[in-house]
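Trainee: I have not looked at this structure before, and I would like to learn how its descriptions are reached. Could we go through some of them together?

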Amino acid sequence: MLVAENAAAVIKARESGLHQPSNAGHQIGAFKLWMDGSFGSCTALMKEPFTDEPSKSGILMDEPDEIYKKMVDAHTAGLQLAVESIGDESSRICLELFDRLLKEHPKHDHRHRVEHASILDKSLIKEFSRLHLVASVQPMFLDSEKNWLHKRLGAERAKWTYPFRSMMKGGIIMSGSSDAPIEMMDVLHAIQCCVTREGFETQEAMDAEDALKMFTLNAAFAQFQEGVRGSLATGKRADLVILEENPLKVPSNEIKNIPILETICGGSTV
């Protein structure tokens with residue numbers, strides 16, 4: 001996933017040694033764009049000011065028309081889009097831009113992604129699903145933000161923050177992600193966060209099987225890679241770990257502590 005001035009720069013990079021046609025090698029995928037900032041810095045674009053910082057309601061990284069031009073540039077060049085959006089107002093604008101894009105330039109199975117999609121209410125979830133966008137979500141945010149999110153967002157907005165269960169029930173395909181190096185690349189802990197919610201808005205908890213799917217089948221789907229990875233099947237790459245315990249059967253608060261006995265990459269133990 002590359003950040004670039006335009007689609008041409010990404011295409012040029014894909015013609016270099018950075019992009020290897022074989023599914024076994026390093027590949028360049030989506031063209032990444034930013035909509036807004038973060039909750040921590042009060043720069044996520046919100047419909048209403050932050051509860052504990054009433055003078056702030058976030059920022060938009062660029063004018064919507066400028067963002068849209070880059071989206072069209074990448075979309076019509078055949079690239080996948082990955083648009084970062086955290087705040088509720090940012091996501092509203094983001095979905096409006098995707099709606100416009102897909103009406104003006106229809107494309108089947110585009111798999112465009114929204115990175116984070118941190119606050120989505122019922123109407124935004126419905127629109128997200130209608131547009132067939134993939135949500136790349138970071139469950140580890142629950143671990144690092146649980147102690148101050150209610151103060152920052154208030155009780156009502158917190159109910160719709162990282163609403164994984166509602167998103168899944170609403171038909172959104174969610175891909176598990178780390179957001180490294182901002183967060184740890186601890187997949188087992190991230191799966192645990194989906195199940196326990198670290199105590200934050202537990203009505204949005206998922207079961208372990210659905211959380212595991214986010215980091216396997218759905219993660220592969222989000223990269224157009226489901227034919228070669230994401231599940232154990234003949235002909236796919238042998239990228240897997242062998243765990244001492246079954247994450248679907250241990251107590252939910254112990255998933256992160258399961259020892260990894262062996263890591264296999266491309267069929268070789270590493």
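Trainee: What is the handedness of the crossing in which H2 passes H3?

Mentor: This is a predicted model, in which local features need pLDDT of at least 70 and side-chain atom pairs count only at pLDDT 80 or more, while totals for chains, interfaces and linings use all residues. Residues are numbered from 1 along each chain as its sequence is written, and side-chain values use heavy atoms, with hydrogens and water left out. The crossing of H2 and H3 is right-handed, a term used if the near helix is turned clockwise from the far one by less than a right angle, anticlockwise being left-handed.

Trainee: Why are H2 and H3 called oblique to each other?

Mentor: Helix H2 (residues 64-76) and helix H3 (residues 88-104) pack at an angle of about 45°, and their axes are 10 Å apart. Angles under 35 degrees count as roughly parallel, over 145 as roughly antiparallel, 65 to 115 as roughly perpendicular and the rest as oblique, and H2 and H3 are therefore oblique.

Trainee: Which residues of H2 and H3 meet?

Mentor: Among them are Ile 67, Tyr 68 and Met 71 in H2, and Ile 93, Leu 97 and Phe 98 in H3, contact being heavy atoms within 4.5 Å. The residues of this contact divide into ten nonpolar, one polar and three charged, where Ala, Val, Leu, Ile, Met, Phe, Trp, Tyr, Cys and Pro count as nonpolar, Asp, Glu, Lys and Arg as charged, and the others, Gly among them, as polar.

Trainee: Why does Lys 256 count as partly exposed?

Mentor: Buried means under 20% relative accessible area and exposed over 50%, with partly exposed in between (1.4 Å probe, protein chains only), so Lys 256, at 36% relative accessibility, counts as partly exposed. Lys 256 lies in the loop between strand E7 (240-243) and strand E8 (260-265), and, leaving aside neighbours within four places in sequence, Lys 256 is in contact with Leu 188, His 189 and Gln 192. The C-alpha atoms of Lys 256 and His 189 are separated by 4.3 Å, although these residues are 67 apart along the chain.

Trainee: What makes E7 and E9 edge strands?

Mentor: Three strands form an open antiparallel sheet in the order E7-E8-E9. E7 and strand E9 (268-269) each have a single partner strand, so one side of each is left without a neighbour in the sheet.

Trainee: How do you know that E7 and E8 pair?

Mentor: Two strands pair if DSSP finds at least two bridges between them, and four bridges join E7 to E8. Val 241 has Thr 263 in E8 as its bridge partner.

Conventions: Helices (H or I, at least four residues) and strands (E, at least two) are DSSP runs, numbered from the N terminus. Axes are lines fitted to C-alpha atoms, for helices over the stretch in contact, and angles run from 0 to 180 degrees between N-to-C directions.
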